[in-house]
Amino acid sequence: MENKIVVINHNNKSIRFLDSGNTFLELFKKEKVPWMNICGGKGKCTTCRMKVISGMENISPETEIEKRSHNLNRLHENERLACQSFPCGGKIEVSTSQDYKFPHITYSDD
């Protein structure tokens, strides 16, 4: 199976990846997918959260930072932090959280 991330609300932008140890946020930056991240990838602000549509099983286990965010109700069950999680293979479909869309970007689900 091909390793790829599909960003649904960015016109189904497809990002192919190797098991290179890059976070989702690093891959989004590399592929020029605009993604909010105020704290610079430290997992403190949750602005980089992404909604996982499918393929949660193909994402690294939750970090302690993500577990804390879930416990504080700053992340929903189907959300992960793009700065803390890593794709591990297979197909993963994600979308930008409604709360953290850039106002100057036109998203394909708007």
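**Exercise 1.** Is Phe-24 buried or exposed? Then work out which aromatic residues go with Phe-24.

*Solution.* Keep in mind that you're looking at a predicted model.

Step 1: check the accessibility. Phe-24 has a relative accessible area of 0%, so Phe-24 is buried. The cut-off for buried is under 20%.

Step 2: look along the helix. Phe-24 and Phe-28 both sit in helix 1 (residues 24-30), four residues apart, or about one turn of the helix. An α-helix has 3.6 residues a turn, so residues three or four places apart point the same way. Phe-28 also comes out at 0% relative accessibility, so Phe-28 counts as buried too.

Step 3: look for ring pairs. Searching the whole structure turns up two aromatic pairs. In one of them, Phe-24 and Phe-28 have ring centres 6.2 Å apart and planes at 50°, which makes the pair tilted. Tilted is what's left between stacked, under 30 degrees, and edge-to-face, over 60.

Step 4: Phe-24, Phe-28 and Trp-35 form one aromatic cluster.

**Exercise 2.** Find the order of the five strands in the open sheet, and say which strands are at the edges.

*Solution.* Step 1: read off the order. The five strands run 2-1-5-3-4, with mixed pairing.

Step 1: pick the edges. Strand 2 (13-16) and strand 4 (79-81) each pair on one side only, so they're the edge strands. Ignoring direction, neighbouring strands here are turned by 35° against each other on average.

Step 2: follow the pairing from strand to strand. Strand 1 (residues 4-7) pairs with strand 2 in the antiparallel sense over four bridges. Strand 1 also pairs with strand 5, this time in the parallel sense, over four bridges. Strand 3 (residues 49-54) and strand 5 are antiparallel, again over four bridges.

Step 3: Val-7 has Lys-13 as its bridge partner in strand 2, and Val-7 stands opposite Val-94 in strand 5. Ser-54 stands opposite Glu-93 in strand 5.

Step 4: check how covered strand 5 is. Five of the six residues in strand 5 (residues 91-96) are buried, so that strand is mostly covered.

Step 5: visit the hairpin. Strands 1 and 2 have five residues between them, and in this hairpin Asn-11 takes a positive phi near 55°.

**Exercise 3.** Which residues of helix 2 are buried, and why do they count as being on the same side?

*Solution.* Step 1: list them. Glu-66, Ser-69 and His-70 are the buried residues of helix 2 (residues 64-71).

Step 1: check the arc. They cover an arc of only 100° around the axis, so they lie on the same side of helix 2.

Step 2: turn to the other side of helix 2. There, Glu-64 and Asn-71 are exposed.

Step 3: see what does the covering. Strand 4 is among the elements that cover the buried residues of helix 2.

Step 4: Asn-73 follows helix 2 and has a positive phi, near 60°.

**Exercise 4.** What sits over the ring of Tyr-107?

*Solution.* The charged end of Lys-101 does, 5.1 Å from the ring centre. The distance cut-off for this is within 6 Å.

Key. Residues are numbered from 1 along each chain as its sequence is written. This is a predicted model: local features need pLDDT of at least 70, side-chain atom pairs count only at pLDDT 80 or more; totals for chains, interfaces and linings use all residues. Side-chain values use heavy atoms; hydrogens and water are left out. Rings of Phe, Tyr and Trp (its six-membered ring) pair if their centres lie within 6.5 Å; planes under 30 degrees apart count as stacked, over 60 as edge-to-face and the rest as tilted. Helices (H or I, at least four residues) and strands (E, at least two) are DSSP runs, numbered from the N terminus. Buried means under 20% relative accessible area, exposed over 50%, partly exposed in between (1.4 Å probe, protein chains only). A charge sits over a ring if NZ of Lys or CZ of Arg is within 6 Å of the ring centre and within 35 degrees of the ring normal. Two strands pair if DSSP finds at least two bridges between them. Axes are lines fitted to C-alpha atoms, for helices over the stretch in contact, and angles run from 0 to 180 degrees between N-to-C directions. The arc is that of the directions from the helix axis to the C-beta atoms. Contact means heavy atoms within 4.5 Å.
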